[in-house]
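Here are my notes on the model, point by point. Please read them with the coordinates open.

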Amino acid sequence: MMNDVKPRGRPPSPAAREKALAAAHAILMEEGFGRLTVEAVAARSGVGKATLYRNWTNACELAMAALIDGAPTEAGPTENGLKVALTAQMRALVKAFATTRGRQIAMTLAAADPESEMTRAFRNRVILSSREAGRQLITEAVRRGEIPPPVEIETLLDMVYGPVFYRILAGHQPLNAAFADGLADNAVTILTVPRP
């Protein structure tokens, strides 16, 4: 009988992950996306490259995680209701891309090959992670009896998060708190409308 193979090395600690994200964020803000490498983050944070690669596939994923570190891709506290939690998530996501570096990354994304590492990192670390956090917020609101179960959650999540990413890439309107608040308000309105 074969033994189960265990992954080599220790699991990444939350403290090491936070140190790496802080270092990556500092490099991103001070020097720009082009200077953010796994080697630079390892040197600045003191976190080994092996640990970094256990958390992020490459420097692009690490850059995206550093840019949006915190609330945007994680379901936050929901005890104050879905609207408060969703508004906080949307504001944090919008705020990350409203920075100078965030706008520069958005412009780079707009010109990037759809299959480039950066585009894949944006899709995985920002779009899909944000949608998953939204799904968790909605699921928790349904469990509490705050809203009825949505008929088609995938379409709903596209409707909630699609405008953020469209505005990031198109740049035709500002990314600000009013925009984030309006998206959260509209989402909660749709979710709470009684069905016949």
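This is a predicted model: local features need pLDDT of at least 70, side-chain atom pairs count only at pLDDT 80 or more; totals for chains, interfaces and linings use all residues.

1. Among contacts in the protein chain between residues at least 6 apart in sequence, 67% join residues at least 24 apart.

2. Make-up. The protein chain has nine helices and zero strands. Along the sequence the pattern reads α-α-α-α-α-α-α-α-α.

3. Burial and surface. The protein chain holds 196 residues, and 39% of them count as buried. Its accessible surface comes to about 10900 Å². Carbon and sulfur atoms account for 56% of that surface.

4. H1 against H2. Helix H1 covers residues 14-31 and helix H2 covers residues 38-45. Their axes come within 9 Å and cross at roughly 115°. The crossing of H1 past H2 is right-handed. On the H1 side, the contact uses Lys19, Ala20, Ala23, Ala24, Ala26, Ile27, Glu30 and Glu31. On the H2 side, Ala40, Val41, Arg44 and Ser45 take part. By class, that makes seven nonpolar, one polar and four charged residues.

5. Valine 41. Where does valine 41 sit? Valine 41 is in helix H2. Valine 41 counts as buried because its relative accessibility is 0%, and the cut-off for buried is under 20%. Leaving aside residues up to four places away in sequence, valine 41 touches Ala20, Ala23, Ala24, Ile27, Leu36, Gly46, Leu52 and Leu62. Alanine 26 is 15 residues from valine 41 in sequence, and their C-alpha atoms are 9.3 Å apart.

6. Threonine 37. This residue lies in the loop between H1 and H2. Is threonine 37 buried, exposed or partly exposed? Threonine 37 is partly exposed, because its relative accessible area is 31% and that class runs between 20% and 50%. Threonine 37 and leucine 62 are 25 residues apart in sequence, with 8.6 Å from C-alpha to C-alpha. Leucine 62 is also among the residues that valine 41 touches.

7. H5 geometry. Helix H5 has 17 residues, 82-98. At 1.5 Å a residue, H5 should span 24 Å. Its end C-alpha atoms are 24 Å apart, so the two values agree.

8. H5 burial. Which residues of H5 are buried? They are Leu82, Ala85, Leu86, Thr87, Gln89, Met90, Leu93, Val94, Ala96 and Phe97. What covers them includes helix H4 (59-67), helix H6 (100-111), helix H7 (117-144), helix H8 (153-170) and helix H9 (177-192). An α-helix has 3.6 residues a turn, so residues three or four places apart point the same way.

Terms used
Residues are numbered from 1 along each chain as its sequence is written. Side-chain values use heavy atoms; hydrogens and water are left out. Helices (H or I, at least four residues) and strands (E, at least two) are DSSP runs, numbered from the N terminus. Buried means under 20% relative accessible area, exposed over 50%, partly exposed in between (1.4 Å probe, protein chains only). Contact means heavy atoms within 4.5 Å. Accessible areas come from the Shrake-Rupley method with a 1.4 Å probe; for residues, only the protein chains shown count as cover. Axes are lines fitted to C-alpha atoms, for helices over the stretch in contact, and angles run from 0 to 180 degrees between N-to-C directions. A crossing is left-handed if the near helix is turned anticlockwise from the far one by less than a right angle, and right-handed if clockwise. Ala, Val, Leu, Ile, Met, Phe, Trp, Tyr, Cys and Pro count as nonpolar, Asp, Glu, Lys and Arg as charged, and the others, Gly among them, as polar. The expected span of a helix is 1.5 Å times one less than its number of residues.
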